[in-house]
Amino acid sequence: MEKKTFYITTPIYYPSDKLHIGHTYCTVATDAIARYKRLCGYDVMFLTGTDEHGQKIEEKAKAAGLSPKEFVDRIVTGENGILDLWKLMNISNDRFIRTTDDYHVQAVQRIFKKMYDKGDIYKGAYKGKYCTPCESFWTESQLVDGKCPDCGREVHDAQEEAYFFRLSKYAKPVQELLESGTFLEPASRVNEMINNFIKPGLEDLCVSRTSFSWGIPVDFDPGHVVYVWVDALFNYCTALGLLNDKYDDFEHYWPADVHVVGKEIVRFHSIIWPAMLMSMELPLPKKVYGHGWLVIDGGKMSKSKGNVVNPYVLAERFGVDALRFFLLRTFPFGTDGNFSNELLISTINTDLANDLGNLVSRTTAMVEKYFGGKLPVERQSEDVDGELVEMIKSARAKYEKQMDALQLHLALEDIFKLIQRANKYIDETAPWVLAKDESKKTRLATVMYNLLEALRVSLILLTPFMPESCQKAFSQIGADESCRSWEKAAEYGALPADVSVTKGETLFPRLDMAKELEALEKLEHQDRQEPKTPPVLPDVSIDDFAKCDMRVCKVISCEAVKKSDKLLKFMLDDGSGTPRQILSGIHKFYEPEQLVGKTLVAILNLPSRKMMGQDSNGMLLSAVREVDGKEELHLLILDDSVPAGSQLC
């Protein structure tokens, strides 16, 4: 009989040079769901990856002195990059897609052309508000207090020739899809999408750009690059082989069973994504699930706020499985969760050290002490056993219901009800009293067996959340592969009657709250202070270097650019006798009056470009560094004795 398939995806992450625990949350949750489905016998495809194109990447790469591809390579495949983080967190993804992969690029060009040929993509001109960090266009009515509704940052006016997708054409079927009650969860996200986006009227969507070049070229119209909506969203299909020869299992796995996404990108996945699939006449995914954020003091973790929490620090200190467990046990999946180190340590102590770890340790220790590590086969049951045995038998069904509803925290809650009941059962049966009476040995063996069975079933169900720790615990309680399966999780009595145990190392030692908080503060401070030095770039010839005309310039005047929170406009004396105008995005680091009269260095022979409608004729040289998770720019300022027009060599 052919296995049932299950296709699950996380969003493809935008490369960030400061990964934090929030990035980890979504992927760990998706990994637990994928592992659960594999445990149930499904043929699972679990996809994640990176969204690597766009204006923000182009600008960051330029600031770092790298090409965009070098920049994303460093973040994705470099030391402590995204792939390293997923390896650390024991993520079991089957595929990893990068939107710079050749097969994806070719497929997206074909997809774009098919929608264009159908008439669902047309050429026009865009004029509106644009948020560079989110790479999103917004209408005036969608702004919140004049700022981006997603991230709260400033937006700027943008106008350029562009291709548009006829999103308005699909407004009615998308609304019907949302109102079906099964496509988008939690239910609160449905109301948000309909009230905030559908009812005000869906406008056609800009799907190409001409103001930057780092993207997939529109192959039938040079100068245009495919915008993020087509490029990033179709990764879920191209990674299975849609319109490319890299893979050939699109028909096998599509449609996706669930896209797990953060709430900030629910709009893209529940409105834009199904509309484009309708245009392509492809089956729609079965579900989009928008989870909440991990927040600190009520605010979303972000590099710009300097409140990121380093998963490497936490995993090294407490262990990967403890961190995975905490993320999924503590916060209801679908709502925001307020992260704190105190909560992490408290959860480890309460659930893992006191409840699970203590049950494993006490049970194996008693079997070793009272029976030399191996139980006799005779049994003697009593009424006090009934409640625990029934909980063992019914645990899988309760867990399955919660996992299928993606209520991961409730599934864990049900497991720990069984673990807590088993700990109470020890107090009720008092094995240390039974051990004193030789005639009670059979009864004592029954108590021990019931405890081991409670552990066996609990560990099977915990495996998707804490795979490595569960394997260690299985070995300690004597549960071999024959009794660890999904089928055996629904049975009482799968452990051999004469099971042998081995008391091993303590799985989850109890933590001293004060000492751990002090240690974390030191580690996180070191992480914030650690300098991030870009790697040395590949060699260039002296002839290539000589092509850059770098000159000393004196600042004649400097002023802020209207409607921009970062641009300063410089009028410079470059020694030519004609003032030179250069715009530079350094306003948050310098006030204009600080720079008048200063001696700077600029590259003069760069093509002129428009910034906020004004010409910028060159680029000022500056150094970039990272402090406490934030980038700082420092202009290269020379001694005033160096005359304007002097050439650097």
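Here is what to select, and what is there.

**Before you start**

This is a predicted model, in which local features need pLDDT of at least 70, side-chain atom pairs count only at pLDDT 80 or more, and totals for chains, interfaces and linings use all residues. Residues are numbered from 1 along each chain as its sequence is written, and side-chain values use heavy atoms, with hydrogens and water left out.

Helices (H or I, at least four residues) and strands (E, at least two) are DSSP runs, numbered from the N terminus.

**Stop 1: two crossing helices**

Select residues 55-63, helix α2, and residues 68-77, helix α3. Two packed helices are described by the angle between their axes and the distance between the axes. Here the axes come within 8 Å and cross at roughly 90°. Axes are lines fitted to C-alpha atoms, for helices over the stretch in contact, and angles run from 0 to 180 degrees between N-to-C directions.

Which residues meet? From α2 come Ile57, Glu58, Lys60 and Ala61, and from α3 come Pro68, Phe71 and Val72. Contact means heavy atoms within 4.5 Å. By class, this contact of α2 with α3 has 5 nonpolar, no polar and 2 charged residues. For the classes, Ala, Val, Leu, Ile, Met, Phe, Trp, Tyr, Cys and Pro count as nonpolar, Asp, Glu, Lys and Arg as charged, and the others, Gly among them, as polar.

**Stop 2: Trp86**

Now select Trp86, in helix α4 (residues 82-88). Is Trp86 buried or exposed? Trp86 is buried, with a relative accessible area of 4%. Buried means under 20% relative accessible area, exposed over 50%, partly exposed in between (1.4 Å probe, protein chains only). Show its neighbours next. Not counting residues up to four places away in sequence, Trp86 touches Tyr13, His23, Thr24, Thr27, Thr48, Ile91 and Phe96. Then pick Met612, 526 residues from Trp86 along the chain: the two C-alpha atoms are separated by 40 Å.

**Stop 3: a parallel sheet**

Switch to cartoon view. Find the open sheet of 6 strands, with the order β3-β2-β1-β12-β13-β7 and parallel pairing. Two strands pair if DSSP finds at least two bridges between them. The edges are β3 (95-98) and β7 (184-185); each has a single partner strand, so one side of each is left without a neighbour in the sheet.

Zoom in on β12 (residues 258-262) and β13 (residues 288-291), which pair in the parallel sense over 4 bridges. Val261 stands opposite Gly290 in β13.

**Stop 4: the cysteines**

How many disulfides does the structure hold? It holds 0. A disulfide is a pair of cysteine sulfur atoms within 2.5 Å. Select Cys148 and Cys131. The sulfur of Cys148 is 3.7 Å from that of Cys131, its closest cysteine sulfur, and this is too far for a bond. Cys148 is buried, with a relative accessible area of 2%. Cys548 is partly exposed, at 34%.

**Stop 5: antiparallel strands**

Go to β17 (residues 550-560) and β18 (residues 568-573), which run antiparallel and are joined by 6 bridges. Lys554 has Asp573 in β18 as its bridge partner. Next, β18 pairs with β19 (residues 580-584) in the antiparallel sense over 5 bridges. Lys569 has Leu583 in β19 as its bridge partner. The hairpin of β18 and β19 has 6 residues between the strands, and Gly575 takes a positive phi near 90° there.

**Stop 6: another helix pair**

Select α12 (residues 311-318) and α13 (residues 320-330), whose axes come within 6 Å and cross at roughly 115°. Pro311, Leu314, Ala315 and Phe318 in α12 meet Val320, Ala322 and Leu323 in α13. This contact divides into 7 nonpolar, no polar and no charged residues.

**Last stop: a covered helix**

Finish at α19 (residues 467-477), whose buried residues are Pro467, Ser469, Cys470, Ala473, Phe474, Gln476 and Ile477. What covers them includes α1 (21-39), α13, α14 (341-371) and α18 (441-462). Then step to Gly478, which follows α19 and has a positive phi, near 80°.
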